[in-house]
Amino acid sequence: IISEFTPMNEISESTLESNQLFALPEGTLLHEKYQIIKVIGFGGFGITYMAWDATISTHVVIKECLPEAYARRVEGSHEVQALSDETQGMFHGCVENTRQEAMTLSLFSHPGVVKVYDLFEENGTVYYVMELIHGKTLYDIMEDLKAKGETLGVEQGEGLLWNLLDILDQLHEHKIFHCDIKPANIFIMPNGMPKLIDFGAVRSKELQHQGVVQITPGYTPPEFYPGRLRELGAWSDLYELGAVFYELLMGVVPTSGDERFVCDRMVKVSTVAGLSDVYPMAILSSIDKALEPDYHNRYNSARLWMDYLDHYQTGRQIKMTGSVGAGKGAGLVLGHGGAISVGKGRMPLRSSKKKSSCCVTFVIVLVILGVIVGYCNHTGAIRLDQWRQFDLKKMIPALQHEPKKPVVQKPVVRKVIVTTQVPANRETDRDRRSDSSSAFGSTVEQ
């Protein structure tokens, strides 16, 4: 894997000189067909080289397992050996983990995952050969944006999320879990499509906690930490993906998962006014759900996350317009000098007008019903304690045909009580006021 925009000369001289002591010299021939051209990357568990495959006349990438904490290269040779008898077991574990990584990737074919061509043992360690890809890591893109005071566009962010979810959905169907998703392990190719790299912490359904456990504070879910080991699954990768987008939107790395499991005080992206005014709430709330400390509260699969987003989209259907491998999906497109533009593909989510109109209609219906109830209570046409005995269709005709009640006039002479005969089927104002007031307290007797 090589980045055109992060050359080796950006590595500090002291670090470069230290690591060059362990690297194979240029021109070294491996497996009788791979000639080392140059070193293109160093890591805590190995060295990555650019090489020439003489059998098919093409450039490839070779990863050598050389964990600097447990092993070293013997001076004057290409052999790799453990630092001591105490580190022999750890070195052997790293070799087995690298072999597992290569074998897992070789059995999986997807344009969003780096391809593995070959695996072999030599010089007391293990090597595997990968495709050579060009582009830039998401970490480098984020750093460039921060330096310029810019942020990732809405359409770019949504396109990137959809394509990464599609990649993880395919991996998880094969019971493969990356377990180390972070900006540095997401490669953006010149056509804008993301590709997952560095499967050094990969796990399968059968191999849960075997091998090296990679901990990256802020991205690693709580279940990876010692003392909190739980079953690993798709929800673990989705937590890390949520952490990536949290940093993309908030500009800061999330709080450590180990700390959040004890006391979660991290601000949710859906509560930030500046984000909710720009991004659809479905996107923001889905990121918050993916970052739940308790894995029971997260999405069980990438497909469920995508279905959630699809459920809230309206208007134009959100879908891929072409094969990811063909470069027709949505995503980031690196232009001249590493500039970012928007590729074709999934369209941004839009707020639902249909949902708003339904709410307005519901409020209007409630207001109408309230007016009808108030009118019925005032006129005595229908008593409150008899409300449940009527429905709307029966009540409206009753109001229309109810005969008007005569108005009882007050007598002119003071202290003289004048009784007015009222028909048996009608009530006086006093009775009606009594009924109306008592209706809110106890049941009115006939």
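This section describes strand pairing, a surface patch, cysteines and aromatic pairs in a predicted model.

In the sheet region, strand β3, which spans residues 46-53, is mostly covered, with seven of its eight residues buried. Strand β3 pairs on one side of the account with strand β2, residues 34-43, in the antiparallel sense and over eight bridges, and a hairpin of two residues joins β2 to β3. Within this pairing, F42 stands opposite I47 of β3. Strand β3 is also joined by eight bridges to strand β4, residues 58-65, and these two strands likewise run antiparallel. Here the bridge partner of D53 is T58 in β4, while the hairpin of β3 and β4 has four residues between the strands and includes S57, which takes a positive phi near 55°.

A nonpolar patch is found on the surface, formed by F362, V363, V365, L366, V367, L369 and V371, which together have about 620 Å² of accessible area. One of these residues, V367, lies in helix α10, which covers residues 353-379. V367 counts as exposed because its relative accessibility is 52%, and the cut-off for that class is over 50%.

With regard to cysteines, the structure holds zero disulfides.

A search of the whole structure for aromatic pairs finds five. In one of them, the rings of F120 and Y127 have their centres 5.3 Å apart and their planes at 15°, and the pair is therefore stacked. Both partners are covered, since F120 counts as buried at 4% relative accessibility and Y127 is buried with a relative accessible area of 0%. Another pair, that of Y299 and Y308, is tilted, with 6.0 Å from centre to centre and 50° between the planes. In this pair Y299 counts as buried, at 5% relative accessibility, but Y308 is partly exposed, with a relative accessible area of 24%.

Note on methods. Residues are numbered from 1 along each chain as its sequence is written. This is a predicted model: local features need pLDDT of at least 70, side-chain atom pairs count only at pLDDT 80 or more; totals for chains, interfaces and linings use all residues. Side-chain values use heavy atoms; hydrogens and water are left out. Buried means under 20% relative accessible area, exposed over 50%, partly exposed in between (1.4 Å probe, protein chains only). Two strands pair if DSSP finds at least two bridges between them. Patches are made of residues with over 30% relative accessible area and no salt bridge: like charges are joined within 9 Å, nonpolar side chains (Val, Leu, Ile, Met, Phe, Trp, Tyr) within 5 Å. Accessible areas come from the Shrake-Rupley method with a 1.4 Å probe; for residues, only the protein chains shown count as cover. A salt bridge is a side-chain nitrogen of Lys or Arg within 4 Å of a carboxyl oxygen of Asp or Glu. A disulfide is a pair of cysteine sulfur atoms within 2.5 Å. Rings of Phe, Tyr and Trp (its six-membered ring) pair if their centres lie within 6.5 Å; planes under 30 degrees apart count as stacked, over 60 as edge-to-face and the rest as tilted.
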